[in-house]
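Open the structure in your viewer and keep the selection tool at hand. The tour below moves from one selection to the next and says what is to be found at each stop.

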Amino acid sequence: MFKEALEFARICKAHGYYRKGNAMFRVHGDGVLQIIKLERDRLSRRLTISLGLQSMYSELLPQWFTSLGCIPRYCILDVPCKESSNPINYGSELQRYERELSVLQENGFEWLDSIVTQAGLAEALGQLDTSRCGKILWNDAMKIAPYLCSEQYELARKVISTIIELYDAAIESHREWMKKEELEAYVKRYQDDHEKFIELLEIVCKHDFVKIQEYLENNYTLNSSYAKFCRTNVNDFRV
């Protein structure tokens, strides 16, 4: 993997990405965090190129800006782009990796370069979901900030509501078989996040634009401290 990792890093650096271990990071456009990682699949152990897109206005964790802790949730083959002009049969692990690298170079970078706004990020996440799962996943907290930034408040509300509903359904499901002490521990584990979503849903439903902007700006400021190593320019494109 050492040879492939060096080649992978060289190619990504040429497009403005910064290396941390086997992961490459870039903050692009108006606050679009892009992650490309070379790793081994957990099940097959084959080399694969993973892709992650997040908003700098989202609630991100500091470990998500590290090689081990980042969360690139998609495969580069999920990118909605034209077929490679140099197709490769999946006869071996190396050929599969070469196919993914070819897609990244021929189509992936161009597609990633085109995602320069929060509205574009929201659309791109939907495209990746559809490519991978056949539909947009509405229980994805990473879509909340892009929708809020692009004033798609009803879609933001739909995501937050879906997350809350799934949490409530999980509690009711666990109540049927968990012991009281186990259920209390489960509820406590996720209580803070649950309350945050309820508070966020309230300000979105009220169209409290001052608090929405404050929420987004606070996230952006904190994430900027984590992302100092991968800013591609010194301009501030905050919405």
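## Rings and a buried glutamine

Select tyrosine 57 and tyrosine 220 to begin, both of which are buried, a word that stands for under 20% relative accessible area, with exposed meaning over 50% and partly exposed in between (1.4 Å probe, protein chains only). This is a predicted model, in which local features need pLDDT of at least 70 and side-chain atom pairs count only at pLDDT 80 or more, while totals for chains, interfaces and linings use all residues. Residues are numbered from 1 along each chain as its sequence is written, and side-chain values use heavy atoms, leaving out hydrogens and water.

Next, look for aromatic pairs, of which the structure holds 6; rings of Phe, Tyr and Trp (its six-membered ring) pair if their centres lie within 6.5 Å, and planes under 30 degrees apart count as stacked, over 60 as edge-to-face and the rest as tilted. Select phenylalanine 25 and phenylalanine 229, whose ring centres are 5.4 Å apart with planes at 75 degrees, so this pair is edge-to-face. Phenylalanine 25 is buried at a relative accessible area of 0%, whereas phenylalanine 229, at 24%, counts as partly exposed.

Now select glutamine 34, which counts as buried because its relative accessibility is 0%. Its side chain joins that of tyrosine 17 in a polar contact of 2.8 Å, a term for a pair of N or O atoms within 3.5 Å where, within protein, one must be able to donate a hydrogen and the other to accept it, and where residues adjacent in sequence count only if both atoms are side-chain atoms. The side chain of glutamine 34 also reaches the backbone oxygen of leucine 112, at 3.0 Å.
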